[in-house]
Amino acid sequence: MAHEHKLEIFRGLWKFKSNTQKIWGVLAFLTFVTAIEVVLGIYKPDALMSTWISPFEGGFFATIGNIILSPFVYMKPLNLIFIVLTLVKAYYITWDFMHMRDETKALRRMVVWTAVFLICYLIFILLQEGGYVYEVYFPENTDEALIKRDF
Amino acid sequence: MDSTVANTGTEGKIWDGGNKPLKASYGKMMMWFFIVSDALTFSGFLAAYGFSRFKFIKEWPIADEVFTHVPFLHGQELPMIYVAFMTFILIMSSVTMVLAVDAGHHMNKAKVTLYMFLTIIGGAIFVGSQAWEWATFIQGDYGAVQTNGGNILQFGEYVTENGKEKFKRISIDEFAVAEAGTRAQHERKNGLWFVNEESLPPYSVNEIYKGLAANDNILVRTQLLNEKGEKTVLTREESLNQIKDNGKLVVKGANLVVNEYGTSLFADFFFFITGFHGFHVFSGVVINIIIFFNVILGTYERRGSYEMVEKVGLYWHFVDLVWVFVFTFFYLV
């Protein structure tokens, strides 16, 4: 049961002799990831500060393309890297510290899929709505703006 | 091995809860379900933060300019360093927790005790750091002027550092011209006993304006972001006009109503989300202390299973997990 642990991470690339060793290995990895985040956060390389793809113009398919590629079209690469690294950290905390790796497949899916689905839905709705409110507040044609600015 | 905490006399029976679906004990599974619902609560908060940020996408405060302080290193601008330290402390206490769980599987009471103790210490350091972070944030550093439209105007000058021109912030204390005859704060003892007044701002807008007019080098910075993602700096003439025409209130520090760093929503979300997380850490520490004493008293030794340690461990790792996300969305992105 819970006493038998799966002792390998990175799909078997890194194997450990005991559970204690695996814990220290995962700590080293998480510290490494956090260090990357902090270094990037302090230095903010210029190459990562502007989007690599600009939004597609014109037509229905351009809009579809923008939605599908939205993390690359609308997000700075630096922020995308931060979010991906965060998800990586979350994965290893859940899988190795919380021993999700050793639970049955059904329990894993009950917990992870439910949360991931609902959270994705919530984020999509709220961010979409936030962007819309921004358009209403600060339209490109400033005469249509609904709130008063003093600069 | 049987890790059920208590025997109910229904072992092996299909009905009456005798078997374990998903090979997890009742307590552990319920802890997982609680974690799912709590995770949804936190994502609700963070998604609401994202909503407000998207709403004010062109003027949201830059975290690197807000959280620059480190204890004992006064006056130095070191963004990220202290939060990185806090993150590391929390991950470290997660590690000692999982080591305690592992020692529990081996029924090693001495090691469980030691690792639980270290976990509690880590949690206490984290909560203390967060309290310090709050205190610094509430106190503020440079001060600003709030306009009639609720926008924030900050002050600074251009200086050349290492051959690069850079906008350096100036505190309002350095240039405001104090005037005689400022109004005294209304208190119960010196006025109407049934009326209260909030504490007055340190300066009046007029004092700031006089100080600004007397110093040619000082410029005003608005909260609007330009194409480079930096705050817009006004010219000297615009600066004076802006303070004169729109200045309404001098702000130092942040609370739920005003915020010298920019949009007041930023402070509201900061207090709400880190506060809710800090409360989780605090309750985690309290639960850990209870379990710690149970371990010392030998409760789990007699029970023949350290599963309780495993369950609080799940909660403790979850708190760490949430911090990973708060760290990203408040301090990095």
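## Burial and overall form of chain B

In this predicted model, buried residues account for 37% of the 333 residues in chain B. Chain B holds ten helices and six strands. Its radius of gyration is 26 Å, well over the 20 Å that the globule rule gives for 333 residues, so chain B is more spread out than a compact globule.

The C-alpha trace of chain B spans about 85 × 55 × 40 Å along its principal axes. Take the contacts in chain B between residues at least 6 apart in sequence: 68% of them join residues at least 24 apart.

## Where chain B meets chain A

Contacts link 50 residues of chain B with 49 residues of chain A. On the chain B side, the elements giving two or more residues are α1 (26-55), α3 (81-105), β4 (219-225), α7 (236-246) and α10 (307-332). The largest share comes from α1(B), with 13 residues.

By class, this side of chain B has 27 nonpolar, 18 polar and five charged residues.

## Helix α1 of chain A

Helix α1 of chain A covers residues 19-43, 25 residues in total. From first C-alpha to last, α1(A) reaches 36 Å, close to the 36 Å expected at 1.5 Å a residue. Just after α1(A), A:Lys44 takes a positive phi of about 45°.

Which residues of α1(A) are buried? They are A:Asn19, A:Lys22, A:Ile23, A:Val26, A:Leu27, A:Leu30, A:Glu37, A:Val38 and A:Gly41. Within chain A, the buried residues of α1(A) pack against β1 (8-9) and α4 (77-97). In chain B, they pack against α3 and α10. Both of those chain B helices also give two or more residues to the side that touches chain A.

Notes
Residues are numbered from 1 along each chain as its sequence is written. Chains are lettered from A and ligands numbered from 1 in the order in which they are written. This is a predicted model: local features need pLDDT of at least 70, side-chain atom pairs count only at pLDDT 80 or more; totals for chains, interfaces and linings use all residues. Two residues are in contact if their C-beta atoms, placed from the backbone, lie within 7 Å. Helices (H or I, at least four residues) and strands (E, at least two) are DSSP runs, numbered from the N terminus. Ala, Val, Leu, Ile, Met, Phe, Trp, Tyr, Cys and Pro count as nonpolar, Asp, Glu, Lys and Arg as charged, and the others, Gly among them, as polar. The expected span of a helix is 1.5 Å times one less than its number of residues. A residue is buried if 20 or more other C-beta atoms lie within 10 Å of its own, exposed if 12 or fewer, and partly exposed in between; C-beta atoms are placed from the backbone. The radius of gyration is taken over C-alpha atoms; the globule rule is 2.2 Å times the number of residues to the power 0.38.
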